[in-house]
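Thanks for coming, everyone. Have the structure open as we go.

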Amino acid sequence: MLAELVGWFLGRDLGAPVPDAAILFPGRADAAWLSAYIPHPIHWEAHHAHFVTNLDAFGAMLALDAIIHNHDRHKMNILLTPGAEEPELDAWAIDTGAALVGFPADFAAADLAVPEKPNIARGLPVRLMEPGARRAARRAVELVESPALQHQVAGACRLVGEQESNILFSALSKRMKQATRLVERYIEVVGAIS
């Protein structure tokens, strides 16, 4: 739940295409992550790549995954919906639940590593996504100085009952300060797979 929550607020701040979300029964053992309804989605397939129009936002997804150490961006975690005109498609990034950011001690131990063998969707238009990923990385560097970041991390930890908000904030801040470096490395990893 913590990984979903941090992935959601950071994704929105970076401009990644993440749907609105909420937590049902926060703080309880039966809490659930809720995502806004996305009408008429299909899952990622490589042959859809040239129809995707929100490439900057789609690229921001790569930056998000690099920063939160999300190794699980398989084709079922990328939704495509009809765009403004046929055959255009809009990409959506969902499900950051497996990201290392959800486990503060492990996330801190990862230091500045990126997922080296991610479970990533094949056929992503990585070269077209790069400009958006780089812009999102620069945005992350700017956001790390914002007092809102510590507030968001503390609030996320409080909502899910996580006691290690200081560890999480420190590790996330460190990664965000180095976001341009992390994103460049992650683009190489994803580019070699896709």
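Start with α1 and α6. Their axes are 14 Å apart, and the packing angle is about 40°. Angles under 35 degrees would count as roughly parallel, and roughly perpendicular begins at 65. So α1 and α6 are oblique to each other. Their crossing is right-handed. One thing to keep in mind throughout: this is a predicted model.

Who makes that contact? From α1 come Leu2, Val6 and Leu10, and from α6 come Leu168, Leu172 and Met176. By type, that is 6 nonpolar residues, no polar and no charged.

Now stay with α1 and turn to α2. Here the axes come within 10 Å, and they cross at roughly 135°. Roughly antiparallel needs an angle over 145. So this pair, α1 and α2, is oblique too. The crossing of α1 and α2 is right-handed. On the α1 side, look for Gly7, Leu10, Gly11 and Leu14. They meet Ala60, Leu64, Ile67 and Ile68 of α2. The contact of α1 with α2 splits into 6 nonpolar residues, 2 polar and no charged.

Helix α5 covers residues 147-160, and helix α6 covers residues 165-177. They pack at about 140°, and their axes are 9 Å apart. That angle makes α5 oblique to α6. The crossing of α5 over α6 is right-handed. α5 contributes Leu149, Gln150, Val153, Ala154 and Cys157. α6 contributes Ser165, Leu168, Phe169, Leu172, Ser173 and Met176. Sort the residues of this contact, and you get 8 nonpolar, 3 polar and no charged.

Next, the core. How many residues does the largest nonpolar core have? It has 60. Leu10, Trp44, Phe58, Ile67, Leu124, Leu172 and Met176 have the most contacts inside it. Which element gives the most? That is α2, with 10 residues.

Set aside its neighbours within four places in sequence, and Leu124 is in contact with Trp44, Phe58, Ile78, Met129, Val190 and Ser194.

Then Met176, another from that list. Met176 sits in helix α6. Is Met176 buried or exposed? Its relative accessible area is 0%, so Met176 is buried. Beyond four places in sequence, Met176 contacts Leu10, Ile67, Ala140, Val141, Leu143, Val144 and Leu149. For a sense of distance, take Met176 and Phe103. They are 73 residues apart in sequence, and their C-alpha atoms are 17 Å apart in space.

Still in helix α6, find Ser173. Ser173 has a relative accessible area of 8%, and so is buried. Not counting residues up to four places away in sequence, Ser173 touches Val144 and Leu149.

Move to the loop between α5 and α6, where Glu162 lies. Buried would need a relative accessible area under 20%. Glu162 is at 23%, so it counts as partly exposed. Leaving aside neighbours within four places, Glu162 has contacts with Leu2, Pro104 and Cys157. Glu162 and Phe103 are 59 residues apart in sequence, yet 9.2 Å apart in space, C-alpha to C-alpha.

Last stop: Leu89, in strand β6. Leu89 is buried, at 11% relative accessible area. What does Leu89 contact, leaving aside neighbours within four places in sequence? The list is His48, Phe51, Val52, Thr53, Asn54, Leu80, Thr81, Pro82 and Gly83.

Conventions
Residues are numbered from 1 along each chain as its sequence is written. This is a predicted model: local features need pLDDT of at least 70, side-chain atom pairs count only at pLDDT 80 or more; totals for chains, interfaces and linings use all residues. Side-chain values use heavy atoms; hydrogens and water are left out. Axes are lines fitted to C-alpha atoms, for helices over the stretch in contact, and angles run from 0 to 180 degrees between N-to-C directions. Helices (H or I, at least four residues) and strands (E, at least two) are DSSP runs, numbered from the N terminus. Angles under 35 degrees count as roughly parallel, over 145 as roughly antiparallel, 65 to 115 as roughly perpendicular and the rest as oblique. A crossing is left-handed if the near helix is turned anticlockwise from the far one by less than a right angle, and right-handed if clockwise. Contact means heavy atoms within 4.5 Å. Ala, Val, Leu, Ile, Met, Phe, Trp, Tyr, Cys and Pro count as nonpolar, Asp, Glu, Lys and Arg as charged, and the others, Gly among them, as polar. A nonpolar core is a set of buried Ala, Val, Leu, Ile, Met, Phe, Trp, Tyr and Cys residues joined through side-chain atoms within 4.5 Å. Buried means under 20% relative accessible area, exposed over 50%, partly exposed in between (1.4 Å probe, protein chains only).
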